[in-house]
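User: Please take one part of this model and look at it closely. I want its packing, its ring contacts and its surroundings in one connected account.

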Amino acid sequence: CKGTTKDSLLLGAASKEVKESENLAKGSVDADVSVDEITTLAFPSISTADFQFNNETASDIIVEKVEEFVNKLENARLVLVDLSHGSKILSLVRTKAEKRNIDSKKFFTFVGNITQLYSQGGLRCNVIANAANWRLKPGGGGVNAAIFTAAGLALETATKERANSLLPGHAVVVPLPSDSPLYTREGVSHVIHVLGPNMNPQRPNSLNNDYNKGCSILREAYTSLFTGFLSILR
Ligand code: AR6
C-alpha cells in the first residue's frame, strides 16, 4: 500500500489523519502500534440479512473465499463485521475459519457498526465494503443505509462517477473524497460496493430459492470484492 498511485496516496493521508486524531483523543483501545501500517478491509456478510441468503451456506462461501485470498495479501487483512455479539454468521465463520487454520492476524471477525469501527471500536479499516442494491442508491436499510448516511453526499457523488448500477456478483471500488465524515472521522479512504444474490421475493431480481445460482453469484461477489481490495493495495 505504499505505491505512488492517487488511491495509495489517499490511503496514506487517511491513515495519518487518524493517527493524529488518536494522539489527541487517546484511543480507548489497546493499540498495537505495528498494526497502524496494516491496510484493512472490513466487510459485512453479503446477502444474509435483507437478501435472506442462508447463513450456513454463506459461511462456507465466506471461509472458502477468505482462504483463497488471504495469502495474496501481504501487509493487509480482512475483517468480517456484524452488529451484535449474537450474530449467527460471525460465529459460524469464526468456527469454520479456526478449523481451516486461517491465520487469525490476517482474518478475524469483529462486532461493531461498520461506519464506526475506529471511533467506537478502535479498529482501523481504510477500506469498507457495502452490501449494496443494484441501483447503488442510498437508503433501503441495512448496511447500505448506514454507510451512505455516515459518508454523506460525498459518497453518492463519488459512486455516480464510477457506476450507475451493479450486476449481481459484481463490485465497484469508490475512492472516498477527503471531505467525507467517514474519511475524516474513521479513516476510510475507499468504499467497495458489492451486489450479492437476492433470495428475498420482495426485492428485485429474486432467485426464487435457486441456490445453485445463488452460491455461484455469492462466490463471484466475494471474488469481486477481494479483487477490488487487492487493486487498491497495488
Ligand atoms: N454495521 C455492520 N454490519 C451491519 C450493519 C452495520 N451498520 N448493518 C447491517 N449489518 P444487509 P443484504 C449486517 O441487509 O442482505 C439493503 O437495503 C447485517 O447484520 O445490509 O446483502 C440494500 O439496499 C448482515 O449481517 O445486506 C439492499 O437492497 C449484513 O450486514 C439489501 O439491503 C448484510 O445485511 C442488501 O441485503
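The part to examine is helix α8, residues 211–233.

Analyst: This is a predicted model, in which local features need pLDDT of at least 70, side-chain atom pairs count only at pLDDT 80 or more, and totals for chains, interfaces and linings use all residues. Residues are numbered from 1 along each chain as its sequence is written, and side-chain values use heavy atoms, with hydrogens and water left out.

Start with the partner helix. Helix α8 packs against helix α2, residues 55–70. Helices here are DSSP runs of H or I with at least four residues; strands are E runs of at least two; both are numbered from the N terminus. The two axes come within 10 Å and cross at roughly 35 degrees. Axes are lines fitted to C-alpha atoms, for helices over the stretch in contact, and angles run from 0 to 180 degrees between N-to-C directions. The crossing of α2 past α8 is right-handed. That term applies if the near helix is turned clockwise from the far one by less than a right angle, and left-handed if anticlockwise.

Now the residues that touch. From α8 come C215, L218, R219, Y222, T223, F226, T227 and L230. From α2 come T57, A58, I61, I62, E64, K65, V66 and F69. Contact means heavy atoms within 4.5 Å. By class, 10 residues of this contact are nonpolar, 3 are polar and 3 are charged. Nonpolar covers Ala, Val, Leu, Ile, Met, Phe, Trp, Tyr, Cys and Pro; charged covers Asp, Glu, Lys and Arg; the others, Gly among them, count as polar.

Next, the rings. The model has 6 aromatic pairs. Rings of Phe, Tyr and Trp (its six-membered ring) pair if their centres lie within 6.5 Å; planes under 30 degrees apart count as stacked, over 60 as edge-to-face and the rest as tilted.

F43 pairs with Y222. Their ring centres are 5.9 Å apart and their planes stand at 70 degrees, so the pair is edge-to-face. F43 sits in strand β1 (residues 39–44), Y222 in helix α8, 179 residues apart. F43 has a relative accessible area of 0%. Y222 has 1%. Buried means under 20% relative accessible area, exposed over 50%, and partly exposed in between, using a 1.4 Å probe and protein chains only. Both F43 and Y222 are therefore buried.

F43 also pairs with F226, again edge-to-face, at 5.4 Å centre to centre and 80 degrees between the planes. Because F43 lies in β1 and F226 in α8, this pair ties together parts 183 residues apart in sequence. F226 is buried, as is F43.

Turn to A221. This residue also lies in helix α8. A221 is buried, at 0% relative accessible area. Beyond its neighbours within four places in sequence, A221 contacts G169, V194, L195 and G196. The C-alpha atoms of A221 and G169 are 3.9 Å apart, across 52 residues of sequence.

Last, the loop between β6 (190–194) and α8, where N205 lies. N205 has a positive phi of about 60 degrees, yet is not a glycine. Most residues other than glycine have a negative phi. N205 is exposed, at 52% relative accessibility.
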